[in-house]
Amino acid sequence: MKPVVLCTFSGRNVPLARAFSAGCNSKIIDVKDYNPEVWPKVASYGVLRGTAECFKQAEDYWYMDHGYLGGSEDYWRVTKNNVIHSGRGQYPTDRLKKFGLEFKPWKNTGKYIILSPPSAPQRKFLEIENWLEETIINIRKHTDREIIQSRKPLKHKNGKPKKLETLPEIAQSLRVIPFGEAIHDAWTVITDHSRVMNDAMCLGVPVVCTNKNRKIGSIENIESPEYIDREAFFAALSYNQWTLEEIRSGQAWRELNGKR
């Protein structure tokens, strides 16, 4: 059974939902009309506007969001029953090459540990509401390096940034520094599924990824970082994101079902 595509019929989810619906030749409905007994499989963009609740009720879901590589509005990722691809698997490098990524040598120096926490809606959906507190406590068990936060505010519809959410007490004393400034003297970057891990790895900074579907490194071994095969990792990501037209044509749906 193909998934029903959920849409709010406003904002950026509209063209993406319509493209995916066309690509898999499936029905598109308003998210408010979703009934898991009628449509046990769903696809939609993001976890806001009621989609998170629908994903939780579904037998299977296809999650859509900004791509891993390239412009955030040029490519879109689609993952089944997860918010990010694992980065594993054997994939050609032809799609990766067009992004022109350059990999700097892996670093073995640096002062800071950069934390890039998931947004509040994502933490709730993934059931990791205490990610920041638990991660800080765990880090402090295994290293005395300074912990820095890199966070970006969400934006209102008018484009103006919202205020950053209030930090839990354990994090209030941490310095908050823009990622672009902190990364140059970073020892490692810790996140759950933020795209900043891609930037870090390209710059040679090791990453700890805590997402259940993409485990990279560990906080317990933070003083002995894991240096992964970056070309294989990014090749996998390049084959699990698509342009709007590739989604509309059915290419994404075919490849998601193992047909290249």
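Below are notes on the sheet, a pocket and an aromatic pair. This is a predicted model, where local features need pLDDT of at least 70, side-chain atom pairs count only at pLDDT 80 or more, and totals for chains, interfaces and linings use all residues. Residues are numbered from 1 along each chain as its sequence is written, and side-chain values use heavy atoms, with hydrogens and water left out.

**The sheet**
- Strand 4 (residues 60-66) and strand 5 (residues 76-80) run antiparallel, joined by 5 bridges, and Asp65 stands opposite Arg77 in strand 5.

**The second largest pocket**
- Its lining residues divide into 7 nonpolar, 5 polar and 5 charged; Asp, Glu, Lys and Arg count as charged, Ala, Val, Leu, Ile, Met, Phe, Trp, Tyr, Cys and Pro as nonpolar, and the others, Gly among them, as polar.

**Aromatic pairs**
- The structure holds 12 aromatic pairs, meaning Phe, Tyr or Trp (six-membered) rings with centres within 6.5 Å; planes under 30 degrees apart are stacked, over 60 edge-to-face and the rest tilted.
- Tyr61 and Phe125 pair edge-to-face, at 6.0 Å centre to centre and 75 degrees between the planes.
- Tyr61 is in strand 4 and Phe125 in helix 4, so this pair ties together parts 64 residues apart in sequence.

Technical notes
Two strands pair if DSSP finds at least two bridges between them. Helices (H or I, at least four residues) and strands (E, at least two) are DSSP runs, numbered from the N terminus.
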